[in-house]
Amino acid sequence: MIELRQVSKRFGDLVVLDGVDFEVRTGETVALLGQSGVGKSVLLKHINGLIRPDSGEVYVDGLNVNRLRRKELAKLRARIGYVFQAGALFDSMTVYENIKLGITDDAAQSDEDYCRERVARCLELVNLPPEVASKYPAELSGGMRKRVGIARAIAGQPTYLLWDEPTSGLDPVNADIIDSLVEKLDDELGVTSVVVTHDVRGAFRVADRIALLKDGRIRAMGTPEELRNSTDPAVQQFLERDLTEPVTH
Amino acid sequence: MAERHSVTLDVRRLVGRYSLHATSHVGRVAYLLLEMVRALPEWRVWVPRAFEQAQAVGYGSLFIVGLTAGFAGAVTSLQTGYQFTGSIPVYFAGGVIVESIILELGPVLTALILAGRIGARYAAELGTMRVTEQIDALESLGRSAISHLVLPRVLAGTLMLPVLVIFADLVGITAGWLAAKGSLEMTNADFVYGAQYFFKPWDLWYSMIKSFFFGLAITVVPCYVGLSTAQGAEGVGRSTTAAVVSASVLILFLDAALAKVLLQ
């Protein structure tokens, strides 16, 4: 379970998070919606301690993320897969080396046979052919890079997956493929997921619950149906645009 | 009157702001050093990477270091000849050339060259990794950016610089010797006599101690600047420039400070 209690964060004079309360129950997929620049990625990075709050507390599996020692935090992070917006692949390494680095168990990582098998399995899960393993990130398309990023995030068999804008910058066909992957991995791996996105349609497709971040706070949170029926004008204004547009793919 | 008062306040505010800024940088660099010490037990991670970096720093810099030291040695020899011929015994030139190279030119020129070559590279590499979230990615996998990226670079640079300085000293002295023979009508015996007459073993230690501190300056500062990079490609450019300038200034400052502390 992930829990943020009264989390606030500012960068200089800019208040990004202003007392956020947010909860993700074990096994569910929560989509975090909000306009670009509203602080969704900042909130996501609080969950695995990449960003520390100015005030408030973040709990994962009952552990206070910001009070953990270095080694304890590293152990916790090994259980949390993080899919970065632009892939964040290590460009000096091959796809194989990138995914291998995602195997967070050091003993397993030194077993080359296990690594080869695990990397092949991860590539298969994200629908990439095994030949991709020997390529460098610069040789891949944007969609493939995203999928390698996902493969790296799941290589360590995490119990949580944090998705930072998994479909941004992709064409509708590739965005649809990634949405299918989010659904498939959540089902097959049984992970607890937080999906940060501004793609309303994708969020309604993959999420058990949806939260809307606005003005540094969670403005609304509920099942897709509850949000669809919300009378909050801010929620309706945000949902209206995407859900009333015709499907293009 | 009021205008003068406001100018004074502005100056005070400016000094205050810069002092705070400088203090915060010093504090963060100290914290980075502490983190490096804490990462030392993770030797399985940093040892192989330090070897890779050491090869890039050492072998990769041989040509430019040798070229610079060679020209510096030859020019020192020619200028010594120009200044002293006829006024002092010719063997003095041997001592001046060797001591200038060991005490000052070898360490300082090598460090300044490497501040450009290695410092810029480290700041650009780490800066690019920061803005493309590769460092966040590494940390999100439970891996330490310090033991994977910073410690190998700092150790490689700090340990390779003294080696490169020894190489620079040898090339510089050889070039100086050849130039002296060609233009000062100095015999080999004169050169060796002069060099031995002025040489003290402490000079070599001094040169190595200086190189060690310069090595820290050209690795820690660029790594710190690289890790603090923000705002995309422009930020990486700014970091690279800042890293080279800061490391070079620090080398000159350390040069003066170490001369005062160790030679007096």
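These legends go with several close-up views of a predicted model.

**Figure 1. Chain B at a glance: helices, helices, helices.** Chain B has eight helices and zero strands. Walk along its sequence and you get α-α-α-α-α-α-α-α. The C-alpha atoms of chain B fill a box of roughly 65 × 65 × 30 Å along the principal axes. Of its 264 residues, 43% count as buried. Now take the contacts in chain B with a separation of 6 or more: 90% of them come from residues 24 or more positions apart.

**Figure 2. Where domain 1 of chain B meets domain 2.** Seven residues of domain 1 of chain B are in contact with nine residues of domain 2 of chain B. What sort of residues does domain 1 of chain B put on the side that touches domain 2 of chain B? That side has five nonpolar, no polar and two charged residues.

**Figure 3. Helices α3 and α5 of chain B crossing.** Here we're looking at helix α3 (residues 91-131) and helix α5 (residues 145-183), both of chain B. Their axes come within 7 Å and cross at roughly 145°. The crossing of α3(B) and α5(B) is right-handed.

**Figure 4. B:Thr132 and B:Glu133, side by side in a loop.** B:Thr132 lies in the loop between α3 and α4 (134-140) of chain B, and B:Glu133 is in the loop between α3 and α4 of chain B too. Buried or exposed, what is B:Glu133? B:Glu133 is buried, because 23 other C-beta atoms lie within 10 Å and the cut-off for buried is 20 or more. B:Thr132 has 19 other C-beta atoms within 10 Å, so it counts as partly exposed. Have a look at the backbone of B:Glu133 as well: phi is near 65°, a positive value in a residue other than glycine. B:Thr132 and B:Gly232 are 100 residues apart along the chain, yet their C-alpha atoms are separated by 7.9 Å.

**Figure 5. Chain B touching chain A.** Nine residues of chain B are in contact with 14 residues of chain A. On the side of chain B that touches chain A, the residues are two nonpolar, four polar and three charged. Which residues of chain A does B:Thr132 touch? Not counting residues up to four places away in sequence, B:Thr132 touches A:Ala86 and A:Ala88.

**Figure 6. B:Met186, in the loop between α5 and α6.** B:Met186 is found in the loop between α5 and α6 (188-198) of chain B. B:Met186 counts as buried because it has 22 C-beta neighbours inside 10 Å. Leave aside its neighbours within four places in sequence, and B:Met186 is in contact with B:Val90, B:Ala93, B:Ala180, B:Lys181 and B:Phe191. For a sense of scale, pick out B:Ala39 too: B:Met186 and B:Ala39 are 147 residues apart in sequence and 54 Å apart in space, C-alpha to C-alpha.

**Figure 7. Two separate nonpolar cores.** The largest nonpolar core has 71 residues. Those with the most contacts inside it are A:Ala31, A:Leu32, A:Leu33, A:Ala151, A:Leu162, A:Val194 and A:Val195. Which helix gives this core its largest share? That's helix α6 (residues 142-154) of chain A, with six residues. A second, separate core has 65 residues, including B:Ile102, B:Leu112, B:Ala156 and B:Val171. Zoom in on A:Leu32 and, leaving aside its neighbours within four places in sequence, you'll find it in contact with A:Lys40, A:Leu43, A:Val194, A:Val195, A:Val196, A:Ala211 and A:Leu213.

**Figure 8. A:Gln6 in strand β1 of chain A.** A:Gln6 is found in strand β1 (residues 2-11) of chain A. Phi of A:Gln6 is near 50°, a positive value in a residue other than glycine. A:Gln6 counts as partly exposed, because it has 13 C-beta neighbours inside 10 Å.

Notes:
Residues are numbered from 1 along each chain as its sequence is written. Chains are lettered from A and ligands numbered from 1 in the order in which they are written. This is a predicted model: local features need pLDDT of at least 70, side-chain atom pairs count only at pLDDT 80 or more; totals for chains, interfaces and linings use all residues. A nonpolar core is a set of buried Ala, Val, Leu, Ile, Met, Phe, Trp, Tyr and Cys residues joined through C-beta atoms within 7 Å. A residue is buried if 20 or more other C-beta atoms lie within 10 Å of its own, exposed if 12 or fewer, and partly exposed in between; C-beta atoms are placed from the backbone. Helices (H or I, at least four residues) and strands (E, at least two) are DSSP runs, numbered from the N terminus. Two residues are in contact if their C-beta atoms, placed from the backbone, lie within 7 Å. Ala, Val, Leu, Ile, Met, Phe, Trp, Tyr, Cys and Pro count as nonpolar, Asp, Glu, Lys and Arg as charged, and the others, Gly among them, as polar. Axes are lines fitted to C-alpha atoms, for helices over the stretch in contact, and angles run from 0 to 180 degrees between N-to-C directions. A crossing is left-handed if the near helix is turned anticlockwise from the far one by less than a right angle, and right-handed if clockwise.
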